[in-house]
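Let's explore a protein model together, one question at a time. Have the structure open as you read, and try each question before looking at its answer.

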Amino acid sequence: MTLPDPAALLPGMAAELTRHLQAHHIDTPRFVGIHTGGVWVAQALLATLGREEPLGVLDVSFYRDDFTQGGLHPQVRPSTLPFEVEGQHLVLIDDVLMTGRTVRAALNELFDYGRPASVTLVCLLDLDARELPIRPDVVGQTLSLAPDERVKLLGPAPLALERQALASA
């Protein structure tokens, strides 16, 4: 199986997101990318949509349920939300949805900033390997990988996907 070209997925994602926002009567969404790949996808998606607005950035490292197992990553950065969360319609963007744990951590962090009116989840890829009941509202493509495979987003420009094999124990 060949991995898709992220640039080819973005126009369809932009159209699907526009339809979703219109169907839910959301006129002024606030965009939030999950560090790092979700931010890259968010920037590319905003450019595809022709929107120039502040982008929130979440680094969910402290909110991960596996934080104590992996320890503090040396690249942890503070989250930046240049708008209020309370009562806002948020578009949360991630690169690859696998287990759902990163999105769960992002939702926990967002709710620490306030109670949004809604959260729309956008993912470039859904690997259909969820451990939690979290599904994207907008997705570029759904893939099924072998248990020993992962996908990594490379970027920020151009965006590219790379298949990675897990090291056997």
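Two strands pair if DSSP finds at least two bridges between them. Keep in mind that this is a predicted model.

Q: Over how many bridges do β4 and strand β5 pair?
A: Strand β5 covers residues 138-142. β4 and β5 run in the parallel sense, and the number of bridges over which they pair is 4.

Q: Which residue in β4 stands opposite leucine 90?
A: β4 also pairs with β3, in the parallel sense and over 8 bridges. Follow that pairing to leucine 90, and the residue standing opposite in β4 is valine 119.

Q: Which helix makes a β-α-β unit with β3 and β4?
A: β3 and β4 pair in the parallel sense. Together with a helix of residues 101-113 they make a β-α-β unit, and this unit is right-handed. The helix is α4.

Q: Is threonine 120 buried or exposed?
A: Threonine 120 sits in strand β4, which spans residues 118-126. That strand is mostly covered, with 7 of its 9 residues buried. Buried means under 20% relative accessible area. Threonine 120 has a value of 3%, so this residue is buried.

Q: Which residues is threonine 120 in contact with, leaving aside its neighbours within four places in sequence?
A: Contact means heavy atoms within 4.5 Å. With the sequence neighbours within four places left aside, the partners of threonine 120 are Leu17, His20, Leu90, Val91, Leu92 and Asp137.

Q: What is the relative accessibility of serine 79, which counts as buried?
A: Serine 79 is found in a loop, between α3 (67-70) and β3 (89-97). The cut-off for buried is under 20% relative accessible area. Serine 79 counts as buried because its relative accessibility is 17%.

Q: With the side chain of which residue does the side chain of serine 79 make a polar contact at 2.5 Å?
A: Leaving aside neighbours within four places in sequence, serine 79 is in contact with Val57, Leu58, Asp59, Glu109 and Tyr113. A polar atom of its side chain lies 2.9 Å from the backbone nitrogen of aspartate 59. The polar contact at 2.5 Å is between side chains, and the partner of serine 79 there is glutamate 109.

Q: What is omega, roughly, for the cis peptide bond that joins glycine 155 and proline 156?
A: Proline 156 is found in the loop between β6 (149-154) and β7 (160-165). A cis peptide bond also joins histidine 35 and threonine 36, with omega about 0°; threonine 36 lies in the loop between β1 (30-34) and α2 (37-49). For glycine 155 and proline 156, omega is about 15°.

Q: Is histidine 25 buried or exposed?
A: Histidine 25 is found in the loop between α1 (6-23) and β1. Although not a glycine, histidine 25 has a positive phi of about 55°. Exposed means over 50% relative accessible area. With 67%, histidine 25 is therefore exposed.

Q: What is the relative accessible area of aspartate 128?
A: Aspartate 128 lies in the loop between β4 and β5. Its phi is near 50°, a positive value in a residue other than glycine. Values between the buried cut-off of under 20% and the exposed cut-off of over 50% count as partly exposed. Aspartate 128 is partly exposed because its relative accessible area is 44%.

Technical notes. Residues numbered from 1 in each chain as written. Predicted model: local features only at pLDDT ≥ 70, side-chain atom pairs only at ≥ 80, totals over all residues. Heavy atoms only, no water. Helix = DSSP H or I, 4+ residues; strand = E, 2+ residues; numbered from the N terminus. Buried < 20%, exposed > 50% of the residue type's maximum accessible area, 1.4 Å probe, protein only. Polar contact = N/O pair within 3.5 Å; in protein donor to acceptor, adjacent residues only side chain to side chain. Right-handed = clockwise from strand over helix to strand, strands pointing away.
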